Amino acid sequence: MEYEPVIGLEVHAQMLTKSKIFCSCSTAFGADPNTHTCPVCTGLPGSLPVLNRTVVEYTIRAALATHCEIAPYSLFARKNYFYPDLPKGYQISQYELPLSSSGFVDVQVDKDKKRIAIIRIHMEEDAGKLMHDLSSERGAHSYVDFNRTGVPLIEIVSAPEIRSPEEAAAYLRKLRAILMFLDICDGNMEEGSFRCDANISLRPKGQKTLGVKTELKNMNSFRNVQRALDYEIRRQTALLDQGEGIIQETRLWDAARGVTSSMRSKEEAHDYRYFPDPDLVPIVVDLEWVKALKASLPELPNTKKERFIREYEIPEYDAEVLTSSKSLANYYEACLQIYAKPKIVSNWIMSELLRELKRDEREIEECPVPAKNLAEMLKLIDDGLISGRIAKSVFEEMYQSGKKADEIVKEKGWIQVTDTSAIERTVEEVLGKHPKEVEEYKKGKDKLFGFFVGQVMKATQGKANPQLVNDLLKKKL
Amino acid sequence: MKITKEEVERVAVLARLKYSEEEKGRFVSQLNSILDYMDQLDKLDTSSVEPTFHAVTQKNVFREDAVQPSLNLEVTLANGPDPDRGFFRVPKIIE
Amino acid sequence: MELYQMTAHQLHELLRKKEVTSQEITQSVFDRVQQVEDRIHSYITLLPELAMKQAQEADDRIRKGDFGRLTGIPVAIKDLICTQGIRTTCGSHILDNFVPNYDATVTMKLKKAGAVFVGKTNMDEFAMGSSTENSYFGPTRNPWDLERIPGGSSGGSAASVAAGECILSLGSDTGGSIRQPAACCGIVGLKPTYGRVSRYGLVAFASSLDQIGPFAKDVRDAALMLTAISGYEPRDSTSINLPVPDYTQSLSHDVQSLVLGVPQEAFGEGIDPEVEATVREAIRSLEKLGAKIVEVSLPHSQYAVAVYYIIAPAEASSNLARYDGVKYGFRAKGSHDLLEMYKETRSQGFGSEVKRRIMLGTYALSAGYYDAYYRKASQVRTLIGGDFEKAFGQCDALLLPTAPTPAFKLGEKVDDPLEMYLSDIYTIPCNLAGLPGISLPCGFSQTGLPIGLQILGNHFQEEKILRVAYAYERNTDHHLRKPNL
């Protein structure tokens, strides 16, 4: 029996505002516990919430960037439940009347383009942090830090239209890029500023009705989202094949063991008793406000990608990589300002630059090679000052030292040798030193050509112009 | 609508309250008489009436995104029943 | 007359003329407290040292000429209102050791005005009740008859003014908790328009209904206090940004241009005949003073109690979820896991009326019942508001009794919650509509129990209702009668 996965994703992203959503405490990460708190975010008796305007603006911008409709009238609602990291005993969120709904994100999975619908986007407050004693014996403790309580969150709920773990990862990448392009979130999954929960069910291919779904939590990277979904698909398939039913439950992904396991909570099925929060007044968004925010939107990932393909005539794959982050896209275009060969720049960034950054686990923002420097180095190759091969070494030096290309070339004496007669002399020397190989080559062992090239390069410390070496060797052999 | 002992138990769980059997019994009858009294609202046709969730009609009350100093840690923890090394300590949930 | 028996405006004159000091006034009040408090029990926390210090500071200000109408005046504050560094219990075991680290907006305003804090007054736990019998700290007794209730939930604030244990006090009103105790204790009590006085620092019971307001010996004092505590608070999203007039300026004897409406539903079943007679007499008084009396109708007011007892407990069940023993307040001892701690803390920490309302509210919001109860009640609330809108199209203010009976006996309604709820029948509608309302004494029963007249106005029409109240009061001497203590 072939099953089709039906996946919906719920993303919670922390917004990059300076202060919390309902009070003026700082949202800065990493402070000592309970030092970014006040009566409002610790739920003291008599405290009241007041909405941070920037949170509304960021949410509207996110909605516009995902083609959502903005509700002209929306309300905050209380989601009531008990947990130590929830000081008021309720979370202020949105329920019946969210700020926006009915949008979409276009994603690319290999060669296929797909549009994933977004059901809704709304604002809510984050809870605090709860840490636990390792023991589970009676008498063990948990520790509450309210610094994170009240940090503004945006919740984005997709339609259950995702059909594979790959699609899920693509959707998340795109969504994250959009939020980062808008500067409303820093997209850090490990630190928890971009979180994802998944709902997944299987159904026989072709069936319209949905199967029983499980909710997956605790996936802290795109890779883990994919792995967790992969595992869950296999788990559910196995059960269904055996004729067993799926239990509707919440399962936690255990990255170390590579499995999902049931959150054995004997709690009641959640009855959150949502009702409109009487302490907060309705949000009324008029067209003027939306227009002003729309005008302030930056160029978004997909638009930028299309433009790169069109303007720079680079392949879709390249464009997708280069527009995966705003900083990277800006870096690319800054290079093109100085050295206007899009495909070459693209190749260098995608192979050399991103490789170095990945090895160091650095982001493009921390790249030690400014765009200008890379562009200027590429110019040196065109000018014939260095060969393409030497350029790779030059680049590595640039990355390590932060120095400019021409400085390094001068220091290291890596200027390309283009003097034809000098190379010719070296070629003759090399061929003279290896008469046996010359014999074998002339007899047909073509592979030896590379050997000769290598020897010439060695003799010139790699500085010989490769094209000239090739031409001269061919001539001599 | 009548409320049963099972429903009283369900609501008590939601509200994190506990009752003895005797209290539950008394509760059921008290709540039932109160809820019976509420039934009179069913007489009214409210199908085209918007609910009132706020007593006065204000909208768009905002504050600017600016940081103000938070409370001192000692002050924050001062009322805590069991403060510990900067945290509020609570018994752990036992699964 | 003793200093503790005077009104704030009288004392202000004496202070201004330097005929008396704040310290003398404060001493007089504390002597009175000493004399009667063990019979009345108005206070949960008395603040003699703080009061004397504040009185000294007030006298300094008065000497320098930098003072206002509340400077040096001893006031009492309902224990539902946060006072920094001073225990604020809300009449509950679950907060009996809670000391707020911040002041409510009204507390700040009183401090700025230079008032002197006598203490925090007794109340029904978390403002849930109409008799002050639901206090963890024991009941307050009515100064007019110690076997009777002072009204609730602000019973302590009302009794302390009536007994001379303070000059002015603050209470809170969600379904009548200022107006009804004012009527029971024979004093003036005013609930402002929703949003007129900030709720920042008022421990929430039902957020869309709660308002803080003054208790006073006469209408002028109530106007004075209202002026001091009103105003916009940016930390409160439901606070209305409108300028605060000097409410004492609206006090006039003239009601000739006013049309006063009497709702036909006002004298329904269950009203005590003495109450009816006394209130009708008051209405006639106002007519004689030149006001035009018309009959109006509030057809949906009969549903107000049902609506209130769904909405208020629903909001309360959510507002009281924060009392979980984690961050402040009482935590039950000996709990070894979280769930046990929650249940023990809340079951031991809350009294039975609070628990009953939490259960009722939780039920009304729970899955499957939200539409039938909470949403339905909110829709009927719109209809009730609509009634008032229509009525105010025909008149300037409404006249009706404050309570269906004078103060009942302690213990009389404790076992019948529904009966207790029905005693709020006249006060509840105005909270649902967010309107201002004032209660003032309009007579006494045969047995000498005070009876209250209630005047309701349209939104932000405090000036109008104060004007009607003042005109009526100046024409009678009910406000001059004092209990025999």
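This is a predicted model: local features need pLDDT of at least 70, side-chain atom pairs count only at pLDDT 80 or more; totals for chains, interfaces and linings use all residues.

Trainee: How many bridges join β2(B) to strand β3 of chain B?

Mentor: Two bridges join them, and the strands run antiparallel. These strands belong to an open sheet of four, in the order β9(A)-β10(A)-β3(B)-β2(B), with antiparallel pairing.

Trainee: Which strands stand at the edges of the sheet?

Mentor: The edges are taken by β9 (129-132) of chain A and β2 (83-84) of chain B. Each has a single partner strand, so one side of each is left without a neighbour in the sheet.

Trainee: How should I read the interface between two chains?

Mentor: The size of an interface is often given as the accessible area lost when the parts come together. Here, chain B and chain C bury about 5200 Å² between them, 66% of it on carbon and sulfur atoms. The contact involves 49 residues of chain B and 66 residues of chain C.

Trainee: Which residues form the salt bridge between chain B and chain C?

Mentor: The one salt bridge found across that interface links Glu344(C) with Lys18(B), whose closest N and O atoms are 2.2 Å apart. On the side of chain B that touches chain C, the largest share, eight residues, comes from α2(B).

Trainee: What area do chain A and chain C bury between them?

Mentor: They bury about 3000 Å², with 58% of it on carbon and sulfur atoms. In chain A, Pro45(A), Leu48(A) and Phe82(A) lose the most area to chain C, together 21% of what that side buries. A salt bridge also joins the side chains of Asp279(A) and Arg199(C), at 2.8 Å from N to O.

Trainee: Finally, which residues touch the most other members of the largest nonpolar core?

Mentor: A core is read through its members and the contacts among them. Of the 253 residues in the largest nonpolar core, Tyr171(A), Leu110(C), Phe126(C) and Ile455(C) touch the most other members. Helix α9 (residues 304-319) of chain C gives the most to this core, with 11 residues. A second, separate core has 37 residues, including Ala319(A) and Trp414(A).

Trainee: What is Phe126(C) in contact with, leaving aside its neighbours within four places in sequence?

Mentor: Its contacts include Leu80(C), Phe205(C), Tyr323(C) and Val354(C).

Note on methods
Residues are numbered from 1 along each chain as its sequence is written. Chains are lettered from A and ligands numbered from 1 in the order in which they are written. Side-chain values use heavy atoms; hydrogens and water are left out. A nonpolar core is a set of buried Ala, Val, Leu, Ile, Met, Phe, Trp, Tyr and Cys residues joined through side-chain atoms within 4.5 Å. Buried means under 20% relative accessible area, exposed over 50%, partly exposed in between (1.4 Å probe, protein chains only). Contact means heavy atoms within 4.5 Å. Two strands pair if DSSP finds at least two bridges between them. Buried area is the accessible area (1.4 Å probe) that two parts lose on being put together, summed over both. A salt bridge is a side-chain nitrogen of Lys or Arg within 4 Å of a carboxyl oxygen of Asp or Glu.
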